[in-house]
Amino acid sequence: MTQRILIKEVQCKTVLHRLQLNGAWEYTANFYRGCTHGCSYCYVPSLIHDERSWGSFVDVKMNAPQVLNKELFKVDKNVVFLSSATDPYQSVEARYKITRKCLEILLSHGFPVLILTRSQLVLRDLDLLKRFEWIRVGFSISTVPSRVYEPGVASLEKRIECLRKISDQGVPTWVSLAPVIPQLMLVDLEQLMKTLCDAGVRCVVPGLLRMMNYDESRKMFERVVAAPYTGFLKGGVELMRKVDGMIERNGLEPPRNFFKWTHIQEAGLDKFLYTSSNKMIEKEEWVHHTTELGYRGVQETTSLIHQ
Ligand code: SF4
């Protein structure tokens, strides 16, 4: 399938944004604006209010590595989350290598890194990931891993294969099991949980679909499913309870341990960000409202990406 994507090369003023929740904090960094994965349930369009169609554009922050390098000299060391409002390994990264360059800089400054992606391109950087003293590499898996709902995303099998390869190299891996859509289940969650454990995944963080106050996202999702989204949430509370049980039965690590970075432990702040599925949602909302502050477009190019 060929999809026309508008790629815009831009300059940014800032890269790191501080996120604070439950007494703990970390940084988020988004090197791209927009995401060619174009997931139908994505929160981001409701937060950046871009008139371009979601999934059809990406702005590349060309100077992000230089800006990040300067910022890291000035800020306190803490976990840097890649990324909160885009996928750091979407297809344009193969061409621009902004995420790779920024990882090299984070490594040289000795910063801990938390990654979340849906793309197998992350394997390209395994050589770097292995060299971090503290790193957590995660994949997002929803209950609808299909091109209908996630047009640009790698298949579920490919994502699991990537998790296995990364785990095999000794890099701690995790899964954001989100969104869980109770009435749209294309996966067997019991089986998925076992497969993830077998692939070496150490932590799974579930999150229920939530569209409240995300009008643009809700409309986008309802266009795809052709029905009000609320109907798909029936049985959500019971299902999330079951998912928590599966996580426990499979011996996965509690998020508060898995995501704890040494310096946070030393400071006695043992409530890290991922304390429950609901907390994860709150975190996402907060992140999305605080990113993209330094965005400034200066240059524009158009090209075709074959997916
Ligand atoms: S990969 Fe993440 S940021 Fe990109 S479209 Fe999907 S949900 Fe949105």
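Colleague: What is the bridge partner of Phe81 in E7?

Modeller: That's Leu114. Keep in mind that this is a predicted model.

Colleague: How do you know that strand E6 (residues 80-82) and E7 pair?

Modeller: Two strands pair if there are at least two bridges between them. Three bridges join E6 to E7, so they pair, and they run parallel.

Colleague: And what joins E7 to strand E8 (residues 135-141)?

Modeller: Five bridges, again with the strands running parallel. For Ile115, the partner in E8 is Val137.

Colleague: Which residues sit on each side of E7?

Modeller: Val113, Ile115 and Thr117 are on one side, with Leu114 and Leu116 on the other, and both faces are covered. In a regular strand, side chains alternate between the two faces of the sheet.

Colleague: Now helix H2 (residues 64-74): which of its residues are buried?

Modeller: Ala64, Pro65, Val67, Leu68 and Leu72.

Colleague: What makes you say that those buried residues line one face of H2?

Modeller: Looking down the axis of H2, they fall within an arc of 160°, so they line one face of the helix. Lys70, Phe73 and Lys74, on the other side of H2, are exposed.

Colleague: Why is His49 called exposed?

Modeller: The cut-off for exposed is 12 or fewer neighbours. His49 has 8 C-beta neighbours inside 10 Å, so it counts as exposed. You'll find His49 in the loop between helix H1 (45-48) and strand E5 (57-61). Its phi is near 45°, a positive value in a residue other than glycine.

Colleague: How do you know that Asn213 is exposed?

Modeller: By that cut-off of 12 or fewer: Asn213 has 10 other C-beta atoms within 10 Å, so it is exposed. Asn213 also has a positive phi, about 70°, although it is not a glycine.

Colleague: What about the ligand: which residues are around it?

Modeller: Cys35, His37, Gly38, Cys39, Cys42, Val44, Thr86, Asp87 and Arg118. By class, that shell has four nonpolar, three polar and two charged residues.

Definitions and conventions
Residues are numbered from 1 along each chain as its sequence is written. This is a predicted model: local features need pLDDT of at least 70, side-chain atom pairs count only at pLDDT 80 or more; totals for chains, interfaces and linings use all residues. A residue is buried if 20 or more other C-beta atoms lie within 10 Å of its own, exposed if 12 or fewer, and partly exposed in between; C-beta atoms are placed from the backbone. Helices (H or I, at least four residues) and strands (E, at least two) are DSSP runs, numbered from the N terminus. The arc is that of the directions from the helix axis to the C-beta atoms. A residue is near a molecule or strand if its C-beta atom, placed from the backbone, lies within 6 Å of it. Ala, Val, Leu, Ile, Met, Phe, Trp, Tyr, Cys and Pro count as nonpolar, Asp, Glu, Lys and Arg as charged, and the others, Gly among them, as polar.
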